[in-house]
Amino acid sequence: MKAFIAVLIAALCFEGLNAQCPEPSALKDGGGNKLCARMFEHSSYYYDMSCYGNFLDVYPDEDVPIIPRAWNNRVSSLVVAKSCSLTVWSRSKKQGSKKKFSAGIVYHLKESKQGLFGDWNDSISGYYCTC
């Protein structure tokens with residue numbers, strides 16, 4: 001019985017580490033400003049932990065043809081706000097493959113195909129977001 005209680009307590013402690021993705025309808029930065037999108041690095045195998053860790057906030061009408069070096073080819077999941085769309089490119093200066101994401105949550109960019117054999121996991125080098 002003690003082992004069961006210990007496992008239950010451990011499970012409850014780890015539950016607090018889960019990082020659920022923000023809802024697209026409530027996507028705001030720390031100051032309460034509306035966001036167009038939020039991109040996360042290193043999504044987890046588990047969907048409820050895909051929006052954990054470092055993130056990059058994207059504001060409405062933000063046009064970034066060259067993503068900051070620290071974020072180049074590091075985005076693994078993303079959330080696009082309601083009534084917004086995020087267009088991304090696989091190479092800087094809006095070169096390479098292009099994909100448009102509508103409002104919603106993409107837990108794993110590896111599930112979004114890029115061409116015949118590739119995917120969008122760790123492949124974003126530029127973006128443009130509109131609302």
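**Cysteine pairing**

Numbering the bonded cysteines of the protein in sequence order, what is the pairing? The pairing is 1-3, 2-5, 4-6. A disulfide here is a pair of cysteine sulfur atoms within 2.5 Å.

**Basis of the model**

This is a predicted model, in which local features need pLDDT of at least 70, side-chain atom pairs count only at pLDDT 80 or more, and totals for chains, interfaces and linings use all residues. Residues are numbered from 1 along each chain as its sequence is written, and side-chain values use heavy atoms, with hydrogens and water left out.

**Overall layout**

The protein has 1 helix and 8 strands. Their order along the sequence is α-β-β-β-β-β-β-β-β. Helices (H or I, at least four residues) and strands (E, at least two) are DSSP runs, numbered from the N terminus.

Of the 131 residues, 37% are buried. Buried means under 20% relative accessible area, exposed means over 50%, and partly exposed lies in between (1.4 Å probe, protein chains only). The protein exposes about 7900 Å², and carbon and sulfur atoms supply 55% of that area. Areas come from the Shrake-Rupley method with a 1.4 Å probe; for residues, only the protein chains shown count as cover. Among contacts with a separation of 6 or more, 66% come from residues 24 or more positions apart. Contact means heavy atoms within 4.5 Å.

**Strand E1**

Ala37, Met39 and Glu41 point one way. Arg38 and Phe40 point the other way.

E1 pairs with two strands named here. With E2 (residues 55-58) the sense is antiparallel, over 4 bridges. Methionine 39 has leucine 56 of E2 as its bridge partner. With E4 (residues 75-91) the sense is again antiparallel, over 5 bridges. There, glutamate 41 is partnered by valine 75. Two strands pair if DSSP finds at least two bridges between them.

**Salt bridges**

The whole structure holds 3 salt bridges. The criterion is a side-chain nitrogen of Lys or Arg within 4 Å of a carboxyl oxygen of Asp or Glu. Arginine 38 and aspartate 57 meet at 2.6 Å, N to O. This pair links distant parts of the chain: arginine 38 sits in E1 and aspartate 57 in E2, 19 residues apart. Arginine 38 is buried at 11% relative accessible area. Aspartate 57 is buried too, at 17%.

Glutamate 41 forms a salt bridge with arginine 74, the closest N and O atoms being 2.9 Å apart. Glutamate 41 lies in E1 and arginine 74 in the loop between E3 (63-64) and E4, so the pair ties together parts 33 residues apart in sequence. Glutamate 41 is buried, at 8%. Arginine 74 is partly exposed, at 34%. Lysine 94 and aspartate 63 also form a salt bridge, at 2.9 Å from N to O. Lysine 94 is in the loop between E4 and E5 (95-106) and aspartate 63 is in E3, so this pair ties together parts 31 residues apart in sequence. Lysine 94 is partly exposed at 31%, and aspartate 63 is partly exposed at 40%.

**Disulfides**

The search finds 3 disulfides. Cysteine 21 and cysteine 51 join with sulfur atoms 1.8 Å apart. The link is right-handed, with 85° about the S-S bond. Cysteine 21 lies in the loop between helix H1 (2-15) and E1, and cysteine 51 in the loop between E1 and E2, 30 residues apart. Cysteine 21 is buried at 11%, and cysteine 51 at 7%.

Cysteine 36 is joined to cysteine 129, S to S 1.9 Å. The torsion about this S-S bond is about -85°, so the disulfide is left-handed. Cysteine 36 is in the loop between H1 and E1, while cysteine 129 is in E8 (residues 126-130), 93 residues apart. Cysteine 36 is buried at 0%, and cysteine 129 is buried at 0%. Cysteine 84 and cysteine 131 have sulfur atoms 2.0 Å apart. Their torsion is about 100°, so the disulfide is right-handed. Cysteine 84 sits in E4 and cysteine 131 in the segment after E8, 47 residues apart. Cysteine 84 is buried at 6%, whereas cysteine 131 is partly exposed at 46%.
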